[in-house]
Amino acid sequence: MDRRAFITALAAAASSTASMTVAGRVWAAPKADAALLVVFLRGAYDAANVVIPTGSSFYYESRSTLAIARPDPLVATSAVRLDADYGLHPALKDTIYPLFQRGQAAFVPFAGTDDLTRSHFETQDTIELGQEAAGTRDYRSGFMARLARELTRVRPIAFTEQLPLTFQGGDPVPNIAIASVGKPGIDARQARLIASMYAGGPLAGAVEEGFRVRDRVYQDVSEHMMEASRGAASPKGFELSARRIGRLMREQFNLGFVDVGGWDTHVNQGAAGGYLADRLSELGRGIAGFVEEIGPKWNDTVVVVLSEFGRTFRENGNKGTDHGHGSVYWVLGGNVHGGRIAGPQVAVDQAHLFQNRDYPVLTDYRALLGGLFQRLYGLTPESLERVFAGARPQDLALV
């Protein structure tokens with residue numbers, strides 16, 4: 001976005017309509033005193049290896065190489081206990097778990113959409129639009145744009161290279177690109193130099209094979225992810241930029257959206273360590289940095305972390321997971337009623353898998369967000385209907 005367009009968007013956001021007309025009457029719109037940041041994990045993160053069903057023997061039967069060990073305070077690579085049935089990935093022990101302990105983070109399992117395409121693009125669009133999946137799509141009407149229209153004193157922003165679909169159709173919204181990073185730390189020239197140092201020695205074969213495997217995995221994963229992520233920032237990019245987001249939302253904006261790519265883990269996903277663990281560490285540090293930077297405003301801020309769908313419950317033959325259905329959403333904030341696993345739940349076993357492969361969806365994302373917005377902003381039923389037409393809000397008492 002050029003400077004003139006950015007200034008115009010800021011002015012438009014600052015002067016958002018302070019009232020709305022319904023059936024010929026003018027009503028005061030709810031005030032956006034609270035701040036909301038939506039973090040979209042593009043590529044469909046493996047929720048079952050993040051909020052881990054440690055009470056399920058079926059989980060351990062289904063993931064011979066990917067399973068995270070049951071909580072054990074003496075084992076650093078084991079899951080961190082959340083309750084009797086669930087644990088948290090150890091990569092989030094120092095960042096997200098402290099928020100959970102303080103009651104500032106809740107996890108909602110079996111959440112998602114009724115979109116069954118298992119297509120990254122289709123389902124990402126479904127969520128960003130926030131419209132009924134069975135109806136005709138209006139790509140000029142994203143749910144965050146509709147939410148902004150229902151609020152006063154709203155100052156929206158997208159931390160994306162291009163304006164996301166979720167902000168389409170409303171007043172102009174500024175967007176600020178977050179640079180993507182994530183290439184291997186050692187380039188091809190450096191790899192050749194290192195290999196030459198071991199040439200002729202007993203480790204030569206292992207070194208060469210190590211670089212071949214690294215390059216093959218990076219190419220396989222990055223090609224898939226570049227498509228699935230739609231140019232979103234990498235988790236590393238988010239980690240580096242989250243403090244900037246925190247400063248901007250502390251001082252200027254109160255309705256934000258950021259997308260983070262890199263979650264399409266078909267190959268060599270890893271368990272307590274490895275590719276997914278590294279991405280989670282970066283994401284966790286990013287959110288922790290955001291919390292620190294936004295300061296006291298954290299008490300009036302809610303962060304929702306979601307993804308287009310979950311992944312297959314059973315691991316595949318490439319030590320990864322494929323496109324699934326139900327996921328786990330995160331809701332974080334200084335005044336969030338957290339420290340718990342929220343929403344409807346079922347036993348994690350084969351009998352309760354959706355189509356014998358995925359988590360089912362028990363909490364519709366529009367119902368979840370609608371209930372959250374109702375509490376956060378005091379939206380009327382009429383306002384919620386304009387944001388999520390045809391969806392009945394589900395109040396999980398998250399704020």
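This is a predicted model: local features need pLDDT of at least 70, side-chain atom pairs count only at pLDDT 80 or more; totals for chains, interfaces and linings use all residues.
Q: Why is arginine 311 called buried?
A: The relative accessible area of arginine 311 is 4%, and buried means under 20%, so arginine 311 counts as buried. Its place is in the loop between S10 and S11.

Q: What makes the approach of arginine 311 to the backbone oxygen of alanine 44 a polar contact?
A: A polar atom of the arginine 311 side chain lies 2.8 Å from that backbone oxygen.

Q: What makes S3 and S10 a pair of strands?
A: Two strands pair if there are at least two bridges between them, and S3 (residues 35-41) and S10 have seven, so they count as paired. Their sense is parallel, and leucine 37 stands opposite valine 303 in S10.

Q: How do you know that S10 also pairs with S11?
A: Four bridges join S10 and S11 (residues 327-333), against a requirement of at least two, so these strands pair as well. Here the sense is antiparallel, and valine 305 has tryptophan 330 in S11 as its bridge partner.

Q: Why are S4 and S5 called edge strands?
A: The open sheet of three strands runs in the order S4-S6-S5, with antiparallel pairing. S4 (51-52) and S5 (80-81) each pair on one side only, which means that they are the edge strands. S4 meets S6 (residues 87-88) over two bridges, with isoleucine 52 opposite glycine 87.

Q: What makes the span of helix H9 close to the expected one?
A: H9 (residues 275-294) has 20 residues and reaches 29 Å from its first C-alpha to its last, close to the 28 Å expected at 1.5 Å a residue. As for cover, 15 of its 20 residues are buried. Glycine 295 follows H9 and has a positive phi, near 65 degrees.

Q: Why is methionine 197 called exposed?
A: Its relative accessibility is 64%, and exposed means over 50%, so methionine 197 counts as exposed. Methionine 197 sits in helix H6 (residues 188-198). Together with Tyr198 and Leu203, Met197 makes a nonpolar surface patch of about 330 Å².

Q: What makes the contact between glutamate 150 and arginine 386 a salt bridge?
A: Their closest N and O atoms are 2.9 Å apart; the limit is within 4 Å, so the pair qualifies. This pair links distant parts of the chain: glutamate 150 is in the loop between H5 and S8, arginine 386 is in helix H11, and they are 236 residues apart. Glutamate 150 is buried at 5%, whereas arginine 386 is partly exposed at 31%.

Q: How do you know that arginine 137 and glutamate 122 form a salt bridge?
A: The N to O distance is 3.7 Å, and the cut-off is within 4 Å, so this counts as a salt bridge. Arginine 137 lies in the loop between H4 (120-129) and H5, and glutamate 122 in helix H4, 15 residues apart. A search of the whole structure finds 18 salt bridges, and a network of them links Arg243, Arg247, Arg250, Glu251, Glu292 and Glu293.

Key. Residues are numbered from 1 along each chain as its sequence is written. Side-chain values use heavy atoms; hydrogens and water are left out. Patches are made of residues with over 30% relative accessible area and no salt bridge: like charges are joined within 9 Å, nonpolar side chains (Val, Leu, Ile, Met, Phe, Trp, Tyr) within 5 Å. Accessible areas come from the Shrake-Rupley method with a 1.4 Å probe; for residues, only the protein chains shown count as cover. A salt bridge is a side-chain nitrogen of Lys or Arg within 4 Å of a carboxyl oxygen of Asp or Glu. Buried means under 20% relative accessible area, exposed over 50%, partly exposed in between (1.4 Å probe, protein chains only). The expected span of a helix is 1.5 Å times one less than its number of residues. A polar contact is a pair of N or O atoms within 3.5 Å; within protein, one must be able to donate a hydrogen and the other to accept it, and residues adjacent in sequence count only if both atoms are side-chain atoms.
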